[in-house]
Amino acid sequence: MRKKIDVANQQLVKMEYQSFDLVKENKQQAAQQLLSSHEYENQKQIYADGVAKRRLNISLELQQQVARYRQKIFWAILGSIVSLILLIPSWLLVLKLLQEYLKAKQIAQLALEETNLALETKVAARTETLNQKNLELEQTLQELQNTQLHLIQTEKMSSLGQLVAGVAHEINNPVNFIYGNLKYAREYTQQLMDLINLYQQEYSGTNSQINTTIKELDIEFILDDLPKILSSMEVGADRIREIVLTLRNFSRLDEAEMKPVDIHEGIDSTLLILQHSLKGKTGQKEIKVIKDYCENLPQIECYAGGLNQVFMNILNNAVDALREKEVEELKQKIKQQNNYIQIQTQVKNKKYILIRIKDNGFGIPEEVKSKLFDPFFTTKPVGKGTGLGLSISYQIIVDKHKGNINCISSSGRGTEFVIELPIKQTSYNL
């Protein structure tokens, strides 16, 4: 019986280590199936039945010994009564047997207690081992989920950068063609206008058909308006080129090298991407962006794409907060205030710069603010937020750039994120 219990115990340990190895190989479902398999439950039952049977055998053996000693005492007492006078030594025998009985009972009782204690110790040790393995399994699953969602979020931002870069490239080619030819169109148009003016000066005006056509075309208006049209086209082409440049600045999400960057370009490019959200849908008020840029802000050594991702996360959260405030004000029929986002940059000292992004939303309660940078924590409805934006932003600012990010907020007073970044990096975090 003891050998069978030991075999069952070895099988249980073996299967539990197999499940732990499966978890390390990212086979959580297989591990769970192994721990809930019929073989595992069967071995547990064998082990439990063996322990119970062993305890029962010990108890039965003790009862049998007690029964035998009781029987001997009975016959000894009976013999003592029959030969009380003649067999006085029998009393001594009874006393001796009684002492042996008490001693044997005490020994058996101690043996039973020791066995129970040993079994309880083994069960406690096995329970502790299983709890530890379950905890390790939960931690491993949590780490896998964190890694998976982090990769998804990073891939989304990388895909956005590639899309923006592709759109900027496709727009840039025809715009350059148009912008480059506007110069020649202006020159050719001016030459034709000079020719028409010369012709009007030299022409006697006797051809009625030409005179009629000149009146119908209103040639004087055309000569006056055509340079204005070309100028407006040139202004429009310039604006498109500026937008393309801004898109290209934002699309640096996949740059792996740390290099000097103008922070203002990154913020402006992010605002351009969010321009549609800032203007709002039909019925929504436009969110005003107040820029308070430091004129002599130095370029800083950083991962441009990573910081653009941080600006995107914070500004997008600010837009969501202001839209939520707008909805609540409409529900409660409160007079709507003008929504704004204020962006301020400044030089803190010779080593650091500060970036402040503030909105005039409802603000963040203290119990929520303490969890803002925790992975998977979000106050948004299911399906609208993963809870990774600010967590990833914290990693980019603190871990990758050796900076700092803080949230200053309270209920009813808006929210302000203060980002502190070093101007020079002592070592690059590749």
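**How the terms apply to this model**

Colleague: Lys 291 has a relative accessible area of 44% and is partly exposed. Why is Lys 291 called partly exposed?

Modeller: A residue is buried under 20% relative accessible area, exposed over 50%, and partly exposed in between (1.4 Å probe, protein chains only). The 44% of Lys 291 falls in between, so Lys 291 is partly exposed. Please note that this is a predicted model, in which local features need pLDDT of at least 70 and side-chain atom pairs count only at pLDDT 80 or more, whereas totals for chains, interfaces and linings use all residues. Residues are numbered from 1 along each chain as its sequence is written, and side-chain values use heavy atoms, with hydrogens and water left out.

Colleague: What makes the pair of Lys 291 and Asp 268 a salt bridge?

Modeller: A salt bridge requires a side-chain nitrogen of Lys or Arg within 4 Å of a carboxyl oxygen of Asp or Glu. The closest N and O atoms of Lys 291 and Asp 268 are 2.9 Å apart, so the pair meets the definition. Lys 291 belongs to strand 2 and Asp 268 to helix 7, so this pair ties together parts that are 23 residues apart in sequence. Asp 268, at 27%, is also partly exposed. In total, the structure holds 5 salt bridges.

Colleague: Why is Arg 323 called buried, and where is Arg 323 found?

Modeller: The relative accessible area of Arg 323 is 11%, which is under 20%, so Arg 323 is buried. Arg 323 is found in helix 9 (residues 304-331). Contact means heavy atoms within 4.5 Å. Arg 323 touches Ser 277, Leu 278, Lys 279, Gly 280, Gln 284, Lys 285 and Ile 287, not counting residues up to four places away in sequence.

Colleague: What joins Glu 326 and Arg 323?

Modeller: Their side chains meet in a salt bridge at 3.0 Å, N to O, a value within the 4 Å limit. Both residues lie in helix 9, 3 residues apart, about one turn of the helix, and both are buried.

Colleague: How do you know that strand 5 and strand 7 pair, and in which sense do they run?

Modeller: Two strands pair if DSSP finds at least two bridges between them. Strand 5 (residues 352-359) and strand 7 (residues 415-422) are joined by 8 bridges, so they pair, and they run antiparallel. For example, Ile 353 has Leu 421 of strand 7 as its bridge partner. Arg 356 is in strand 5 and Glu 416 in strand 7, so the pair ties together parts that are 60 residues apart in sequence. Arg 356, at 23%, is partly exposed, whereas Glu 416, at 15%, is buried.

Colleague: What is the strand order of the sheet, and what makes strand 2 and strand 6 its edges?

Modeller: The open sheet of 5 strands has the order 2-4-5-7-6, with mixed pairing. Strand 2 (288-292) and strand 6 (404-409) are edge strands, as each pairs on one side only. Strand 2 and strand 4 pair in the parallel sense over 5 bridges, while 7 bridges join strand 4 to strand 5, which run antiparallel. A hairpin joins strand 4 to strand 5 through 4 residues.

Colleague: What makes Phe 74, Trp 75 and Leu 78 a surface patch?

Modeller: Patches are made of residues with over 30% relative accessible area and no salt bridge, with like charges joined within 9 Å and nonpolar side chains (Val, Leu, Ile, Met, Phe, Trp, Tyr) within 5 Å. Phe 74, Trp 75 and Leu 78 make a nonpolar patch of about 350 Å², the area coming from the Shrake-Rupley method with a 1.4 Å probe; for residues, only the protein chains shown count as cover. Trp 75 is found in helix 3 (residues 38-82). Its relative accessibility of 54% is over 50%, so Trp 75 counts as exposed.

Methods
Helices (H or I, at least four residues) and strands (E, at least two) are DSSP runs, numbered from the N terminus.
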